[in-house]
Amino acid sequence: MTESIFTKIIRKQIPCHLLYEDDLVIAFLDINPVRLGHSLIVPKIQVDYFVDVPVNYYQAAFSLAQKLAPAIQKALGTTRIGLSVVGTEVPHFHLHLIPIEQDRIEGIRTFGNAAVLARQAELIRSVLNQA
Ligand code: 5GP
């Protein structure tokens, strides 16, 4: 099986703006965010389709979503976080956490600036670590 880009991130072969990791899951900012704060939660096992993900990894991903969403909200001052599973680009199951304002998600990906992402990751980690 070819290594996914997320497996390479998990193995620290390529960098990311890390938010959190433990034995089962890792969370980092999307490199090409739909909105500022767009984050990904990825199990540390490379499985494409959600129905095939071992239940402990699956539960760990959703549990982290419940902890990380409030941290993103607080750190970035957004009103709500949307959660979705897409999987059209990277064949490695993951959750998207996307800040939502004014009841809609803007569809233009224009904020992928490394300095902005680094600052956001730092803010979110600091809130997460206070909890
Ligand atoms: P999906 O597979 O759910 O359709 O989308 C995959 C998501 O992963 C996209 O939002 C894309 O911007 C993000 N992505 C793809 N490659 C990388 C990468 O190397 N680093 C990070 N942080 N995000 C990535």
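Residues are numbered from 1 along each chain as its sequence is written. In this predicted model, local features need pLDDT of at least 70, side-chain atom pairs count only at pLDDT 80 or more, totals for chains, interfaces and linings use all residues, and side-chain values use heavy atoms, with hydrogens and water left out.

Me: In what order do the elements of the protein chain run from the N terminus on?
Reply: The chain holds three helices and five strands. Both are DSSP runs numbered from the N terminus: helices are H or I with at least four residues, strands are E with at least two. The order is α-β-β-β-α-β-β-α.

Me: What is the radius of gyration of the protein chain?
Reply: The C-alpha trace spans about 40 × 30 × 30 Å along its principal axes. The radius is taken over C-alpha atoms, and the globule rule is 2.2 Å times the number of residues to the power 0.38. For 131 residues that rule gives 14 Å, so the chain is as compact as a globular protein of that length, with a radius of gyration of 14 Å.

Me: Is isoleucine 41 buried or exposed?
Reply: Isoleucine 41 sits in strand β3, residues 39–43. It touches, among others, Val25, Ala61, Leu68 and His94, leaving aside residues up to four places away in sequence; contact means heavy atoms within 4.5 Å. Buried means under 20% relative accessible area, exposed over 50%, partly exposed in between (1.4 Å probe, protein chains only). At a relative accessible area of 0%, isoleucine 41 is buried.

Me: Which residues does glutamine 120 touch, not counting residues up to four places away in sequence?
Reply: Glutamine 120 belongs to helix α3, residues 114–130. Its relative accessibility is 7%, so glutamine 120 counts as buried. Its contacts are Leu29, Leu36, Gly37 and Leu76.

Me: How far apart in space are glycine 87 and phenylalanine 50, C-alpha to C-alpha?
Reply: Glycine 87 lies in the loop between β4 (80–84) and β5 (95–100). It counts as partly exposed, at 37% relative accessibility. In sequence, glycine 87 and phenylalanine 50 are 37 residues apart; in space, they are 9.2 Å apart.

Me: Where is lysine 12, the residue with a positive phi?
Reply: Most residues other than glycine have a negative phi. Lysine 12 has a phi near 65 degrees. Its place is the loop between α1 and β1 (18–21).

Me: How much space lies in the largest pocket?
Reply: Rolling a probe the size of a water molecule over the atoms shows where empty space is left. On a 1 Å grid over the protein atoms alone, a pocket is an open set of points where a 1.4 Å probe fits, with protein on both sides within 12 Å along at least five of seven lines. Grid points are joined across faces, edges and corners, and the volume is the space filled by probe spheres set on the points. For the largest pocket that is about 450 Å³.

Me: Which element supplies the largest share of the lining of the largest pocket?
Reply: The pocket has 21 lining residues, with Phe6, Asp30, Ile31, Leu40 and Glu89 nearest its centre; lining residues have an atom within 4 Å of a point. Helix α1 (5–10) and strand β2 (25–29) each supply at least two. The largest share, three residues, comes from α1.
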